[in-house]
Every structure is written in C-alpha cells, then in structure tokens.
Amino acid sequence: MFSKRICEIAKLIKPYKIIADVGCDHGYLIIESFLNSDVSKAIAIDNKIGPLNSAKKNLEKYNFNVRFSLSSGVSDIDDDTEVVVISGMGGLLISKIISDDLTNNKKLYNVKRLILQANRNNFELRKFLMENNYQIIDEKIIYEDDKYYEIIVCERVNEKIIYTFEELYFGPMLLKRKDDIFISRINSELIKLKKLNSDSLEVKEKIDRLEKIIC
Ligand SMILES: C[S@@+](CC[C@H](N)C(=O)[O-])C[C@H]1O[C@@H](n2cnc3c(N)ncnc32)[C@H](O)[C@@H]1O
C-alpha cells in the first residue's frame, strides 16, 4: 500500500508496540505500523500544523489509538514510548532533535529503540550516534524511485561504542552484510565518480575506498 521505504521502517518496530513518529507528515508510517506491525499506540508528532492536519485526515477513517501533537522533536512523547521513528529528514536535523533531548529533557533515556532514516549526512548521523552511546543494531538499504535510502536502527547502551571510519561511512551492519542493493549502490557511485575523470585527490581517495569495499 505504501512506499517500500515506509514499509521497511514499519517492519523494524517489532517486537515493540508503542511508537512516536517525529515529523509524521502524512501519517503513512503510523497507518502501516498499525496495519502490519502490531503497533497498539502511537503519537503523531509534527512541528507544523499543515502536515499534522494531513496525518489527522489520513488517519480519521481508522480507529487506531493515536494522539496528535503539534510539537518539536521528542519533547511531548509519553513515558511509555518504546520506539521513536524519525525519518525523511537530513541527518544533521535528526542529530539535533536527539541532541536537544539528551541535553534537556532526557525523555529518550526511557525509549528502547530509535529508527532513523536520513536523506543525507548518514556519516555525520552515525558519528553522532557513536558519540552518544547509541549502538547500531540493524541497518537496511533500499532502492526506490531512483534513490537509495539507508535506515538505521539503534539502541542506547552503557559502554562506549567505537566504529571505524569505514563503518561510519558505509554503515557497520550494511558493511558486514554487503547485500546486492549495497553493492549496486557502491557500483553506481563508482560509475559516477569515474565519469568525472578527475585528477583531484579527494575523488581518487573516494574511488579507492569504494573499490576496496567490493573487491
Ligand atoms: C519530509 S517530511 C518526512 C515525513 C515522514 N517522516 C516520512 O519519512 O515520509 C519531514 C517532516 O518533519 C517535520 N519536522 C521537521 N522538523 C521537525 C521537528 N523538529 N519536530 C517535529 N517535526 C519536524 C516537517 O514539518 C515535515 O512534516
């Protein structure tokens, strides 16, 4: 019914049942999670009234247990929230939303899992997670509408997490699995970089890094 990206995010919620969708916009993720991922309660959060009303409208025909909140980040999540989803934004904004909470309200301390899907700056997002004791427990890469999307699942741990540059760049779980979509992404990046026919050291280093991964 919904995009592959939304369906894959919803699958990663299990075994948990209480979610908050930060930046819910159309509310599709919430609908998909109730219909196919056994979710029993959700908070639909957006900091703009237009998107929040669109979620309300799309959800009105269902009788799901959803509270709508016009608020920023996770400031208004309930104490029993198990999973927070933040998707379809930049990695720096996602990091800021998490960081604002960790330095102020600390509501995320009670949350069991974060599911994050950044449209850009995944390296910076992973680095931020590492520096804030979030361990990446799963990752998915999907290809849809000519774009690759990376989904990161993480949980807060007590011990220090250390990822290598390669793991931050490619994703520790994606790197371990090297599935077909991951490899085709590397190949398509390699084709683009080689087409540049550039003498720049930066481009050469990038080509080198990518080739090492698939050889
Ligand atoms: C591009 S949409 C993504 C919608 C949906 N999450 C998805 O993955 O398809 C981003 C949404 O996040 C909302 N947003 C941006 N910053 C936010 C914040 N700090 N707190 C809550 N919502 C935010 C925007 O208003 C917008 O509706």
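The model is predicted: local features need pLDDT of at least 70, side-chain atom pairs count only at pLDDT 80 or more, and totals for chains, interfaces and linings use all residues. Residues are numbered from 1 along each chain as its sequence is written. Helices (H or I, at least four residues) and strands (E, at least two) are DSSP runs, numbered from the N terminus.

Start with helix α3, residues 49–59. Its buried residues are Leu52, Ala55 and Leu59. Buried means that 20 or more other C-beta atoms lie within 10 Å of a residue's own; exposed means 12 or fewer; partly exposed lies in between, with C-beta atoms placed from the backbone. Seen down the axis of α3, the buried residues fall within an arc of 55 degrees, so they line one face of the helix. The arc is that of the directions from the helix axis to the C-beta atoms. On the other side of α3, Ile49, Gly50 and Lys57 are exposed. The buried residues pack against α2 (28–36), β2 (41–46) and β3 (66–70). Contact requires C-beta atoms, placed from the backbone, within 7 Å.

Now turn to the helix pair. Helix α8 (residues 180–195) packs with helix α9 (residues 201–214) at an angle of about 150 degrees, and their axes are 10 Å apart. That makes α8 roughly antiparallel to α9 (angles under 35 degrees count as roughly parallel, over 145 as roughly antiparallel, 65 to 115 as roughly perpendicular and the rest as oblique). Axes are lines fitted to C-alpha atoms, for helices over the stretch in contact, and angles run from 0 to 180 degrees between N-to-C directions. From α8, the contact residues include Ile183, Ile186 and Leu190. From α9, they include Val203, Ile207 and Leu210.

Lys204 is also found in helix α9. Lys204 counts as exposed because it has 12 C-beta neighbours inside 10 Å. The loop between α8 and α9 holds Asn197. Phi of Asn197 is near 50 degrees, a positive value in a residue other than glycine. Asn197 is exposed, with 7 other C-beta atoms within 10 Å.

Asp38 lies in the loop between α2 and β2. Asp38 is not a glycine, yet its phi is positive, about 65 degrees. With 13 C-beta neighbours inside 10 Å, Asp38 counts as partly exposed.

From Lys14 to Pro15 the bond is cis, with omega near 15 degrees. Pro15 is found in the loop between α1 (4–11) and β1 (18–22).

Conventions: Two residues are in contact if their C-beta atoms, placed from the backbone, lie within 7 Å.
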